[in-house]
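Me: I am new to this structure and would like to learn how to read its features one at a time. Could we start with how packed helices are described?

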Amino acid sequence: MKTDPSPKDYPGHSRLMDRIYGDQRHIYDLTRRYFLLGRDTLLDRMKFQSDHHVLEIGCGTARNLIHIARMNSSVRLYGLDASEEMLKTARAKVIRAGLQDRIRLTKCLAEDLDYRRTFGCSSPFDTAFFSYALSMIPTWKHAIDAALANTKEGSSVWVVDFWDQGNLPAAFRKLLTRWLRIFHVEHRPETVEYFRELQEKKVVNLSMEPLYRRYAYLAMLEKR
């Protein structure tokens, strides 16, 4: 019987991410803009109130956090990533943007998140989001559960990620799949199935929409 991946099955995930992004981090933002489609749609859809605490899980170079900080002057921002190499670039970018007092970054696996221990926060986050991160996290279900456990009731966890490219040519789907696997990125249809399972169990209210002919999806899980 198939079992869900657990953190103990991937003890070297952080080291793997460091190997992949040790050099790529320098050109990550320049190259990823062409195929991580829908990130700006996600950023535009999320609405924040004054003094909200917002977390990005798998923050990479902090590109998204810096964008939010510039658009929302009173929001407090937090980012975690499994790769210390990627965080080197993120910290440098945050300092150059003059946002080190508003954006806090730390190395942490998604499934190990605890708002008190990880960031020293006194209360859960108002919003959490994954931007093309779940498809890189082998223990994706644990990551989703941790995100929900660390957000307030009535708050939302947002996700933008690869979908099944169902309305795109088959040849394109095959090429994209092969290319993404080089970087240990994988579309997992069971992720969306899990979102729907959480809705059926009345854990969340789910809204989803396809982006770019099902190239990607945008999901909002409102915690009940």
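Reply: A crossing of two helices is left-handed if the near helix is turned anticlockwise from the far one by less than a right angle, and right-handed if clockwise. Helices (H or I, at least four residues) and strands (E, at least two) are DSSP runs, numbered from the N terminus. This is a predicted model, in which local features need pLDDT of at least 70 and side-chain atom pairs count only at pLDDT 80 or more, while totals for chains, interfaces and linings use all residues. Residues are numbered from 1 along each chain as its sequence is written, and side-chain values use heavy atoms, with hydrogens and water left out.

Me: What is the handedness of the crossing of α7 and α9?

Reply: Two packed helices are described by the angle between their axes and the distance between the axes. Axes are lines fitted to C-alpha atoms, for helices over the stretch in contact, with angles from 0 to 180 degrees between N-to-C directions. Here the axes of α7 (residues 140–149) and α9 (residues 189–200) come within 10 Å and cross at roughly 40°, and the crossing of α7 and α9 is right-handed. The contact (heavy atoms within 4.5 Å) is made by W140, K141, I144, D145 and L148 of α7 together with E190, T191, Y194, F195 and L198 of α9.

Me: How many bridges join β1 to β2?

Reply: Two strands pair if DSSP finds at least two bridges between them. Five bridges join β1 to β2, and these strands run parallel, with V54 standing opposite L77 in β2. Between them the chain passes through helix α4 (residues 63–71), in a right-handed β-α-β crossover, a term for the case where, with the strands pointing away from the viewer, the path from the first strand over the helix to the second runs clockwise. On to strand β3 (residues 103–107), β2 is again joined by five bridges in parallel, L80 having T106 as its bridge partner, and β2, helix α5 (residues 84–96) and β3 make a right-handed β-α-β unit.

Me: Why is β2 described as largely enclosed by the rest of the structure?

Reply: Buried means under 20% relative accessible area, exposed over 50% and partly exposed in between (1.4 Å probe, protein chains only). Strand β2 (residues 76–81) is largely enclosed because five of its six residues are buried.

Me: Where is H52 found, and is H52 buried or exposed?

Reply: H52 is in the loop between α3 (39–45) and β1 (53–57), and H52 counts as buried because its relative accessibility is 15%. Leaving aside residues up to four places away in sequence, H52 touches V75, R76 and D126.
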